[in-house]
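This briefing sets out, topic by topic, what can be read from the model shown here.

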Amino acid sequence: MKPMDQVLETAEKIRSMEVRGAGRIATAAAASLRDFSMTLEVKSLDEFNAELENAANLLLKTRPTAVSLSNAIRMVRKYKAEDVDGARQAVVLNANNFIENSQKAVEKIGQIGSRRIRDGDTVLTHCNSQAAISVISAAHSSGKKIKVIATESRPRFQGITTIGMLEKLGIETELIVDSAARSVMNEVDLVVVGADVITANGTLVNKIGTAQIALCAREARTSFMVAAETYKFSPKTILGELVTIEEREPMEVLPDISKYRHVKVRNPAFDVTPHQYIDLICTEAGAISPEMSYLIIRERLGWDMDEEV
Ligand code: RUB
């Protein structure tokens, strides 16, 4: 297989959601750039850099909302090299570090976040987030008896993946349709969700339906926690940039639209939860209030205002 074909294949898996979830797509992109750089045959450093940029752009276009992709790609491409071999080695090292740190971050988030779950608690989660499941699984492994309520997460039913994972862990779980969130909220002690993006002011962008859940958690006085690796925070939002919300194919919602002449199906994949509805963001660097997001971007992502976006 040609080096670029491998990148195209990874990009297609991300676009079609065969590989999905902000953390997994970031590590898949890092691995793809690493493998690309290892097999790339070029005559000069300039050519290597240009080819790597093309590959990075292909991956970046796949899921427009996920900042995890651009953060991962930025970290992999952060090198200064004298020649092609030096650049190749740096890309491999950066990508492997990113993948390893990402796995460690998920574990750490589990340890930290699980302290917020008490014995006997009922936890509601939405979509399928490896960071949120790490929190739930760490609470369960520490011996706390917990129950999870998982939403279906229409239209792609990531909730079915979630209940499959919880089943394997032996955690008592109930599955609900998305619109039952308010009906069960009075039984819920804590909502735990993942993040696609967290902005500089602590706003959360996550799977469509998250904002409604946060709204009804607030009304029911139920705590709402976000589990997110620090590379889910968006540096560009410091510069005032808005997060693009991905709109996916109508057929994911309604497979046969052809019989409707006056109906348009809309399928936004993510929504926006204001920071006021979030009690805590649990990262590998600690549990923070949403208002501290700016500091995470400056300190953990090493973001400098003068850095080229
Ligand atoms: C997945 C989703 C998840 C976040 C966090 O959306 O919204 O909550 O990506 O997941 P999709 P993780 O299925 O459309 O990719 O914690 O695994 O990174």
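Across the interface of domain 1 and domain 2 in this predicted model, 13 residue pairs are in polar contact, with both residues of each pair at pLDDT 80 or more. On the side of domain 1 that touches domain 2, the elements that give two or more residues are α2 (22–39), α4 (67–76) and α5 (84–114), and α4 gives the most, with 5 residues. By residue class, that side of domain 1 divides into 10 nonpolar, 6 polar and 5 charged residues.

- The domain assignment of the protein places residues 3–106 in domain 1 and residues 109–299 in domain 2, and the contact between them takes 21 residues from domain 1 and 29 residues from domain 2.
- Taken over C-alpha atoms, the centres of domain 1 and domain 2 are separated by 26 Å.
- About 2,000 Å² is buried between domain 1 and domain 2, and 54% of this area lies on carbon and sulfur atoms.

**Salt bridge**

- Between domain 1 and domain 2 the count is 1 salt bridge.
- The side chains of R63 and E246 meet in a salt bridge, with 2.8 Å from N to O; R63 falls within the bounds 3–106 of domain 1, and E246 within the bounds 109–299 of domain 2.

**Sheet**

- Strands β5, β6 and β8 form an open sheet of 3 strands in the order β5-β6-β8, and their pairing is antiparallel.
- The edge strands of this sheet are β5 (197–198) and β8 (270–273), each of which pairs on one side only.
- Strand β6, residues 204–207, pairs with β8 in the antiparallel sense over 4 bridges, and N206 has D271 in β8 as its bridge partner.
- In general, the strands of a sheet pair through backbone hydrogen bonds, in either a parallel or an antiparallel sense.

**Backbone details in loops**

- Most peptide bonds are trans, and most residues other than glycine have a negative phi.
- The peptide bond that joins R154 and P155 is cis, with omega at about 0°, and P155 lies in the loop between β2 (147–151) and α7 (158–169).
- M17, a residue other than glycine, has a positive phi near 70°, and M17 is placed in the loop between α1 (3–15) and α2.

Methods: Residues numbered from 1 in each chain as written. Heavy atoms only, no water. Pairing = 2+ DSSP bridges. Domains from an automatic or database assignment. Contact = heavy atoms within 4.5 Å. Buried area = accessible area lost by both parts, 1.4 Å probe. Salt bridge = Lys/Arg side-chain N within 4 Å of Asp/Glu carboxyl O. Polar contact = N/O pair within 3.5 Å; in protein donor to acceptor, adjacent residues only side chain to side chain. Nonpolar A, V, L, I, M, F, W, Y, C, P; charged D, E, K, R; others polar.
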